[in-house]
Amino acid sequence: MGSISVACYKPKPGSEEALLELVRNHLPPLRAEGLVTERPSIVMRTQDATIVEVFEWTSQEAIAGAHNNPAVIALWKRFEAVCSYQKPSNLPGFQDGSLTSSPCRRGESRAAYCTAIVMAS
C-alpha cells in the first residue's frame, strides 16, 4: 500500500527556478528506483513562495530505504543546495485552514504536472 507525503520546500534566495526544475523532474528517478508510484503529484506555491508537493511513495519500506539509496541521497543534496525543508504545520495559513496557493506551472507544457489547490475556509 502506498504512502502519501507532503513535502514543503522553501527556496533559498535566487533559487526558485532551480527548485521548480528539480521538483518538475525528481519523480522519474524515484520511479526508476521503484520508490514512488505513477500517481501524478500535486504541486503548488504558497503565499510565502514555499513549494508544496503531494506525492505517493510505494510503501513505508520505500521511504525507509530511500535514506540509504545513493541515487536518492544525491537527489536530496541537490534539493538542499536550493531550498530548506519546511513542516507543513509551519506554513502560514496551514493550521487555521486559510492556506491558499497558486499554480507553479511555467508554460502550458507543464500544466498537467502542476496543479493549484486552494484550502480556504
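Reader: Which residues touch the most other members of the largest nonpolar core?

Author: This is a predicted model, where local features need pLDDT of at least 70, side-chain atom pairs count only at pLDDT 80 or more, and totals for chains, interfaces and linings use all residues. Residues are numbered from 1 along each chain as its sequence is written, and side-chain values use heavy atoms, without hydrogens and water. A nonpolar core is a set of buried Ala, Val, Leu, Ile, Met, Phe, Trp, Tyr and Cys residues joined through side-chain atoms within 4.5 Å; buried means under 20% relative accessible area, with a 1.4 Å probe and protein chains only. The core holds 21 residues, and the most other members are touched by Y9, L19 and F79.

Reader: Which residues does F79 touch beyond four places in sequence?

Author: Contact means heavy atoms within 4.5 Å. Residues up to four places away are not counted. That leaves Y9, L19, L22, V23, H26 and Y85.

Reader: How many disulfides does the structure hold?

Author: A disulfide is a pair of cysteine sulfur atoms within 2.5 Å. C8 is buried at 2% relative accessible area, and C83 is buried at 3%. The number of disulfides is zero.

Notes
Buried means under 20% relative accessible area, exposed over 50%, partly exposed in between (1.4 Å probe, protein chains only).
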